[in-house]
Amino acid sequence: MRYLILTDIHSNWDALEAVLRHVRRKRYDRVAFLGDAVGYGACPNRVLSWLRELHPEPLLVRGNHDRVCAGLDSGEYFNRFAREASEWTLDNLEPRNLEYLRSFPVGPITVDDTLLLCHGSSLDEDSYIFSAYDASLAFESTTHPVTFFGHTHVPSLFTLDPDHHIDVQLLSGGRTVVDLEPDHRYLVNPGSVGQPRDRDPRAAYAIFDAEQMRVFTYRVGYKVATARRRILQAG
């Protein structure tokens with residue numbers, strides 16, 4: 001099984017469209033989405049409609065922005081811009097997309113004995129994994145060999161070896177390939193599709209080959225100016 005791993009699209013249709021063009025010639029069997037489909041960007045309905053109409057149905061978990069934009073949380077802890085974007089999103093969602101967004105399950109979700117999916121971490125959808133200490137808490141909460149997570153918007157790899165040492169690696173560049181060792185455990189963040197925060201403006205995504213235990217990460221340029229213009233035109 002090969003999974004297309006996407007996270008943190010944040011209503012950025014232009015970035016998602018570029019990713020979908022890039023992945024068109026690559027083989028994958030199912031989409032796994034790690035949360036935050038909406039928030040910040042100007043195209044929440046296009047993003048949610050794409051997810052909703054996928055066949056087979058995507059594996060997905062809710063993100064913190066999904067929760068607030070669906071009206072399930074006040075977002076009082078959000079900064080001003082995130083909160084205003086969430087309020088705008090809730091006001092502009094089509095009814096069927098709002099219903100769909102509210103149906104997103106709270107992570108983590110178990111795919112099989114190997115793979116776990118979550119937004120923030122396996123402990124909580126709002127938790128960030130930035131450091132080896134953060135990763136240690138997540139590793140302690142699950143026994144799965146591979147966990148994919150989002151939320152930080154930073155492509156990264158945390159590796160737990162048999163001696164319980166944690167290695168932290170940023171995944172940079174247009175393409176990386178990571179071979180997963182059978183006696184190690186991994187936390188993998190593919191990076192954000194719609195709002196990268198690692199000083200690389202390109203959209204990020206990953207493909208996980210569960211048979212070969214190999215992770216491919218990619219960066220894709222997109223029309224940033226168009227995405228920006230959509231936000232300004234939306235007010």
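Predicted model: local features only at pLDDT ≥ 70, side-chain atom pairs only at ≥ 80, totals over all residues.

**A guided reading of the model**

Visitor: Where is Pro56 found?
Guide: Helices (H or I, at least four residues) and strands (E, at least two) are DSSP runs, numbered from the N terminus. Pro56 is found in the loop between helix 2 (44-52) and strand 3.

Visitor: Which residues does a cis peptide bond join, with omega of about 0°?
Guide: Most peptide bonds are trans. Pro108, in the loop between helix 5 (95-102) and strand 4 (109-110), is joined to Gly107 by a cis bond with omega of about 0°. A cis bond with omega of about 0° is also found between His55 and Pro56.

Visitor: How many helices and strands does the protein chain have?
Guide: The C-alpha trace spans about 50 × 40 × 35 Å along its principal axes. The secondary structure of the chain comes to 7 helices and 12 strands.

Visitor: What share of the 235 residues is buried?
Guide: A residue is buried when its relative accessible area is under 20% (1.4 Å probe, protein chains only). Of the 235 residues in the protein chain, the buried share is 55%.

Visitor: Is strand 1 largely enclosed or open?
Guide: On one side of strand 1, Arg2, Leu4 and Leu6 are buried, and on the other Tyr3 and Ile5 are buried. Because 5 of the 5 residues of strand 1 (residues 2-6) are buried, the rest of the structure leaves this strand largely enclosed.

Visitor: Which strands pair with strand 1, and in what order does its sheet run?
Guide: Two strands pair if DSSP finds at least two bridges between them. Strand 11 pairs with strand 1 in the antiparallel sense over 4 bridges, with Phe208 as the partner of Tyr3 and Asp209 as the partner of Arg2. Strand 2 (residues 30-33) pairs with strand 1 in the parallel sense over 4 bridges, and Leu4 stands opposite Val31.

Visitor: Where does Asp8 lie, and is it buried or exposed?
Guide: Asp8 lies in the loop between strand 1 and helix 1, and its phi is positive, about 55°, although it is not a glycine. Because its relative accessibility is 0%, Asp8 counts as buried.

Visitor: What is the phi of His153?
Guide: His153 lies in the loop between strand 6 (146-148) and strand 7 (156-160). At 2% relative accessibility, His153 counts as buried. Although His153 is a residue other than glycine, its phi is positive, near 65°.

Visitor: Which element gives the most to the lining of the largest cavity?
Guide: A cavity is a set of points on a 1 Å grid where a 1.4 Å probe fits but cannot get out, and lining residues have an atom within 4 Å of a point. The lining includes Leu171, Pro190, Tyr205 and Arg219. Strand 11 (203-209) and strand 12 (214-220) are the elements that give two or more residues to it. With 3 residues, the element that gives the most is strand 12.

How values were computed: Residues numbered from 1 in each chain as written. Heavy atoms only, no water. 1 Å grid on protein atoms, 1.4 Å probe; cavity = no way out; pocket = protein on both sides within 12 Å on 5 of 7 lines; lining within 4 Å. Buried < 20%, exposed > 50% of the residue type's maximum accessible area, 1.4 Å probe, protein only.
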